[in-house]
Amino acid sequence: MLKIAFHPIYKHPLPEKHRFPMLKYELLPQQLLHEGTCTAANFFEPDIVNDTAILAVHDQNYYSDLVNLNLKPSAARKIGFPLSKELVLRERIIADGTIKCCEFAIKNGIAMNIAGGTHHAYTNRGEAFCMLNDQAIGARFLQSENLAEKILIVDLDVHQGNGTAEIFQNDDSIFTFSIHGASNYPFKKEASDLDISLEKGTDDKTYLSILKKTLPELIATVQPDFIFYLCGVDILASDKLGTLGISLDGCLERDRFVLQTCYNHKIPVQCSMGGGYSADIKIIVEAHANTFRLAQEIFF
């Protein structure tokens with residue numbers, strides 16, 4: 001069975017007209033249930049992640065300041081959300097969801113977190129709606145439990161996974177791969193193990209051609225025993241914060257190729273949803289829902 005991490009805290013209250021579409025975390029599971037892609041049995045509710053798992057990735061002082069709301073105002077502003085105890089608790093629960101998804105993925109081939117993909121969180125700071133790097137925490141957990149040795153992180157959000165790149169910059173056991181908009185945030189990119197920067201307006205054909213050539217070559221070279229997939233839908237042409245020109249069908253084909261490739265190679269995959277900022281919330285939900293539909297179709 002496809003297991004999906006979801007907790008009501010994922011939909012965190014924000015000031016009116018905030019640009020982050022927090023409503024999608026409520027609407028997406030409702031849509032999956034309504035259309036019959038999933039039943040209540042598919043969902044599980046994560047808990048608060050163990051501090052040991054967080055501190056395997058994040059700096060002790062940073063984490064302490066975050067939990068105690070002692071970040072400097074400038075550091076808090078970079079996160080982009082009003083800092084609160086509940087917001088930090090939300091981030092800790094999201095990370096636990098990704099860890100538990102790792103275990104379910106090993107058992108079932110795939111597992112998915114309705115939230116997560118917090119790839120702008122560095123070892124010692126947060127940025128751009130990200131405070132704790134859920135997939136980095138998941139990767140370290142897998143290694144600490146001897147559940148995986150060589151890990152591939154496939155980050156297809158429109159924004160480069162700068163925090164993830166920094167966290168694993170000197171670690172040959174975790175390969176970081178990012179395809180992103182060249183002119184998108186972050187404007188100062190970090191160095192992933194493989195970065196592919198795409199020009200404004202890149203279309204479906206160009207995007208998919210690059211992905212379909214690169215991912216199989218990477219799998220052959222890296223030979224991972226686990227894959228993390230950050231499947232942001234901010235690659236869409238309709239996205240307010242993205243610069244690419246990908247259609248809804250192109251985004252679906254991207255997900256189909258990645259998930260089918262993982263399935264064909266029998267490599268467990270954990271998916272975190274990442275970004276999506278189209279003006280029409282229905283487009284965001286539909287694009288994310290496609291990923292779950294494909295997971296059911298391919299793996300089950």
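How many residues apart are Lys 213 and Glu 217 in helix 8 (residues 204–222), and how much of a helical turn separates them? They sit four residues apart, so about one helical turn lies between them. Their side chains meet in a salt bridge of 3.2 Å, N to O. A salt bridge here is a side-chain nitrogen of Lys or Arg within 4 Å of a carboxyl oxygen of Asp or Glu.

Before going on, here is some background. The model is predicted, so local features need pLDDT of at least 70 and side-chain atom pairs count only at pLDDT 80 or more, while totals for chains, interfaces and linings use all residues. Residues are numbered from 1 along each chain as its sequence is written, and side-chain values use heavy atoms, with hydrogens and water left out. Helices (H or I, at least four residues) and strands (E, at least two) are DSSP runs, numbered from the N terminus.

**Salt bridges**

The structure holds 11 salt bridges. Take Arg 293 and Glu 35, whose side chains pair up at 2.7 Å, N to O.

| Residue | Relative accessible area | Class |
|---|---|---|
| Arg 293 | 22% | partly exposed |
| Glu 35 | 29% | partly exposed |
| Glu 286 | 29% | partly exposed |
| Lys 213 | 54% | exposed |
| Glu 217 | 43% | partly exposed |

**Helices side by side**

Now look at helix 9 (residues 248–264) and helix 10 (residues 281–299), which pack at an angle of about 30° with their axes 9 Å apart. Axes are lines fitted to C-alpha atoms, for helices over the stretch in contact, and angles run from 0 to 180 degrees between N-to-C directions. Helix 9 and helix 10 are therefore roughly parallel to each other. The cut-offs are simple: under 35 degrees is roughly parallel, over 145 roughly antiparallel, 65 to 115 roughly perpendicular, and the rest oblique.

Which residues make the contact between helix 9 and helix 10? Among them are Leu 252, Arg 256 and Leu 259 of helix 9, along with Ala 287, Leu 294 and Ile 298 of helix 10. Contact means heavy atoms within 4.5 Å. The residues of this contact split into 11 nonpolar, three polar and four charged. For that sorting, Ala, Val, Leu, Ile, Met, Phe, Trp, Tyr, Cys and Pro are nonpolar, Asp, Glu, Lys and Arg are charged, and the others, Gly among them, are polar.

Helix 9 has another partner in helix 8, at an angle of about 10° and with the axes 10 Å apart. That makes helix 8 and helix 9 roughly parallel to each other too. Residues that meet here include Tyr 207, Leu 211 and Leu 215 in helix 8, and Phe 257 and Val 258 in helix 9. This contact is made up of eight nonpolar, two polar and four charged residues.

**A few single residues**

Ile 54 belongs to helix 2 (residues 51–55). Ile 54 is buried, with a relative accessible area of 0%. Leaving out residues up to four places away in sequence, Ile 54 touches Val 49, Tyr 63, Arg 92, Leu 132 and Ile 137.

Pro 268 is in the loop between helix 9 and strand 8 (269–272). Pro 268 is buried as well, at 14%. Beyond its neighbours within four places in sequence, its contacts include Ala 105, Asp 225 and Phe 226. Lys 266 lies in that loop between helix 9 and strand 8 too, but Lys 266 is exposed at 75%.

Most residues other than glycine have a negative phi, and most peptide bonds are trans. Lys 266 has a positive phi near 55°. Leu 69 has a positive phi of about 55°, and lies in the loop between helix 3 (60–67) and helix 4 (73–79). The peptide bond from Tyr 185 to Pro 186 is cis, with omega near -5°.

Methods:
Buried < 20%, exposed > 50% of the residue type's maximum accessible area, 1.4 Å probe, protein only.
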